[in-house]
Amino acid sequence: MHTTARRLLILGVLAVSLLGVGAAASASDVVAQTEPYIEVEVAESEAVEPQWTYRYLIPTTIALTILLIGGTVVMYFVKVVRSRYTVVE
């Protein structure tokens with residue numbers, strides 16, 4: 001077989017296997033939805049606090065991203081826009 005035919009065969013097998021996995025997952029969802037469930041009430045003292053990644057890492061990442069974008073805009077205007085125009089006396 002040629003390499004393109006092999007690649008197409010491999011892609012076809014992967015596509016069929018992914019479709020099979022998706023069908024099996026949706027079938028298990030239907031079974032899970034028909035099973036009875038028990039409601040559990042959570043007391044106030046058992047409330048879970050957010051993990052440290054949500055509490056510190058994500059706001060820090062957002063702040064650094066904003067600073068990086070702001071610095072890029074400032075550097076663009078300093079290097080490109082300032083050198084674009086000259087003052088004529």
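**Nonpolar patch.** I looked for nonpolar surface first. In this predicted model, Trp-52, Tyr-54, Tyr-56, Leu-57, Ile-58, Ile-62 and Ile-66 make a nonpolar surface patch of about 810 Å². Patch residues have over 30% relative accessible area and no salt bridge, and nonpolar side chains (Val, Leu, Ile, Met, Phe, Trp, Tyr) are joined within 5 Å. A salt bridge is a Lys or Arg side-chain nitrogen within 4 Å of an Asp or Glu carboxyl oxygen. Areas are Shrake-Rupley values with a 1.4 Å probe.

**Ile-66.** I took one member of the patch, Ile-66. Ile-66 sits in helix α2 (residues 52-84). Is Ile-66 buried or exposed? Ile-66 is exposed, at 56% relative accessible area (buried is under 20%, exposed over 50%, partly exposed in between; 1.4 Å probe, protein chains only).

**Aromatic pairs.** I searched the whole structure and found one aromatic pair. Tyr-76 and Phe-77 form that pair, edge-to-face, with 5.5 Å centre to centre and 75° between the planes. Ring centres of Phe, Tyr or Trp (six-membered ring) must lie within 6.5 Å; planes under 30 degrees apart are stacked, over 60 edge-to-face, the rest tilted. Tyr-76 is partly exposed at 42%. Phe-77 is also partly exposed, at 46%.

**Whole protein.** I counted two helices and zero strands (DSSP runs: H or I of at least four residues, E of at least two). Buried residues are 0% of the 89. The accessible surface is about 8900 Å², with 68% from carbon and sulfur atoms.

**Conventions.** Local features need pLDDT of at least 70 and side-chain atom pairs 80 or more, while totals for chains, interfaces and linings use all residues. Numbering runs from 1 along each chain as its sequence is written, and side-chain values use heavy atoms, without hydrogens and water.

How values were computed:
Patch = residues over 30% accessible without salt bridge, like charges linked within 9 Å, V, L, I, M, F, W, Y side chains within 5 Å.
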